[in-house]
Amino acid sequence: VTPDGETAVSGSMDGTVKIWDARSGIRRHTLSWDSNVHSVAVTPDGETVVCGLGERFSSITGPKGIPAREKTGLFNQDYNTVQIWDARSGIRRHTLSGHQDKVFSVAVTPDGATVVSGSADGTLKIWHVRAAEHRQSTLESLLQKVRGGTRNRSVLLTRDRGTVIAGSKGVIEIWDARTGACRLSLCGSNTILSAHSTTPDGATF
């Protein structure tokens, strides 16, 4: 939901993202794929929607046995990508490709210029959306290599774009977004961390 309470965005394992007028409850747009939607984010001004996609549905059934939708109007090569859409018009702006597995988490800066994505392939990617060819940086930690895969279930980018915080199974990692260095790894219980937040100055999370 945007800070002004005007726009809400929802993503579903049925392969859709819905953009809502949060005050009236009227649906503005429905975006559809033949793959699961694992994560969504929206800029504070309600102009830009970012979502992370996963694997393709079966050609016979959709998620959990639901009959697959007609393929008309769907984008069939978008599996495991990050999608960026104009929330007002419902027009797709960018497709960011590079992850090798489902995209569990996404975050976007207020101006929509930088996106962070976390994937089941064990990597985080920082995307500079307005740069030529969508320049990206890939972060891959020692823990990911030792454990044989760290599924990044939640990501957060501080307002100054200097720090990325990622949560996975029993681990929180704090990264320097500019150098790609992992500053700190916090290991806790062997459970999945699916959400976290930070103060505006990025000092406490």
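Good morning. I begin with the largest nonpolar core of this structure, which is made up of 12 residues: Val9, Val17, Ile19, Leu31, Trp33, Val37, Val42, Val49, Cys51, Leu53, Trp85 and Ala87. Please bear in mind that we are looking at a predicted model.

Which elements give two or more residues to this core? They are strand 2, covering residues 16-21, together with strand 4 and strand 5. Of these, strand 5 contributes the most, with 3 residues.

Let us now turn to two members of the core, Trp33 and Trp85. Both of these residues are buried. The structure holds 1 aromatic pair. Trp33 and Trp85 form that pair, and their ring centres lie 5.7 Å apart. What is the arrangement of the two rings? Their planes stand at 85°, and an angle over 60 degrees counts as edge-to-face, so the pair is edge-to-face. The pair also links distant parts of the chain, since its two residues are 52 residues apart. Trp33 sits in the loop between strand 3 (27-32) and strand 4 (35-42), whereas Trp85 belongs to strand 6, residues 82-86.

Next, I would ask you to look at strand 4. This strand is mostly covered, with 6 of its 8 residues buried. Ser35 lies in strand 4. Is Ser35 buried or exposed? Its relative accessibility is 1%, and therefore Ser35 counts as buried. Along the chain, Ser35 and Met13 are 22 residues apart, yet their C-alpha atoms are separated by 7.8 Å.

The partner of strand 4 here is strand 5, residues 48-56; the two run antiparallel and are joined by 6 bridges. Within this pairing, Ala41 stands opposite Val50 of strand 5. The two strands form a hairpin, with 5 residues between them. In the turn we find Gly46, which has a positive phi of about 75°.

Finally, a word on cysteines. How many disulfides does a search of the whole structure find? The search finds 0. Cys182, by contrast, has a relative accessible area of 35%, so Cys182 is partly exposed.

Thank you for your attention.

Definitions and conventions. Residues numbered from 1 in each chain as written. Predicted model: local features only at pLDDT ≥ 70, side-chain atom pairs only at ≥ 80, totals over all residues. Heavy atoms only, no water. Phe/Tyr/Trp six-rings, centres within 6.5 Å; stacked < 30°, edge-to-face > 60°. Helix = DSSP H or I, 4+ residues; strand = E, 2+ residues; numbered from the N terminus. Buried < 20%, exposed > 50% of the residue type's maximum accessible area, 1.4 Å probe, protein only. Pairing = 2+ DSSP bridges. Core = buried A, V, L, I, M, F, W, Y, C linked by side-chain atoms within 4.5 Å. Disulfide = S-S within 2.5 Å.
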